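Subject: Structure for your review

Dear colleague,

Please find below the structure that I am handing over to you. I would be grateful if you could read the notes that follow alongside it.

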Amino acid sequence: IGGIIPIFWSCFSNSFSFIISSFSEQNDEFSITANILNAYYSGDIQDGKILKIDAEENAIIQNKSSKIMADKIYYDFIRKTVEVFGQNIKFIASNFNLSSEKKLLYSENEGLINSSGNVNAYYKDNLKINAEELKVFINDSGKVLNISAYNSVKIEINKNSQNITGDEAYLDNEKSTLKINGNVVLTQGSSKLKGDTAIVDIAKG
């Protein structure tokens, strides 16, 4: 831990806090920064094991493949999960960006991102997905495997100037396909198509 000014330590709750702080875990090659950090540990403070860290105000957690920014970030070292809350949530990876206005849950072990609250996802600069709920599976390098969107789904495909709305959508990165289900409306220029299901080849359009 470096560049830290400790402001509180409790031997009863096994916690300590910092202000204008940063934390770096070298073994897992990630870092957490925020205006305020609260760390919780087991054992003695000198030799104990950190269980979780709460980061508040300008919170950022990042590794080699991705970065998460938000008002509040909670990292659980045991479960290897990130819980994010606030109206200014951002997830940034090499070919995928996401923003939401409610919460984001990320499980490192599952490679799963769950986000809710007016979620906007941008994929490969060609695809924008807006929905109330979004689930994204990524691999260890941050590459998107698939995306599921639910509730009031709106999709923009920049390559072909297509706009699609529906109840839910599923993107398969390996197959380069996008499937939209429920009250589907596809608009391109002055043309409009309606149906129960639409399948789009996002590589060809």
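The notes below concern the salt bridges and the surroundings of one of the residues in them.

This is a predicted model, in which local features need pLDDT of at least 70 and side-chain atom pairs count only at pLDDT 80 or more, while totals for chains, interfaces and linings use all residues. Residues are numbered from 1 along each chain as its sequence is written, and side-chain values use heavy atoms, with hydrogens and water left out.

A search of the whole structure finds 2 salt bridges (a side-chain nitrogen of Lys or Arg within 4 Å of a carboxyl oxygen of Asp or Glu). One pairs R79 with D76, with 3.2 Å between the closest N and O atoms. E83 also forms a salt bridge with R79, and there the closest N and O atoms are 3.8 Å apart. Through shared partners, D76, R79 and E83 are joined into one network.

D76 is buried at 17% relative accessible area, whereas R79 is partly exposed at 47% and E83 is partly exposed at 29%. Buried means under 20% relative accessible area, exposed over 50% and partly exposed in between, for a 1.4 Å probe and protein chains only.

D76 belongs to strand β5, residues 66–76 (strands are DSSP runs of E, at least two residues, numbered from the N terminus). Leaving aside neighbours within four places in sequence, D76 is in contact with L51, K52 and T81, where contact means heavy atoms within 4.5 Å.

Yours sincerely

Key. Helix = DSSP H or I, 4+ residues; strand = E, 2+ residues; numbered from the N terminus.
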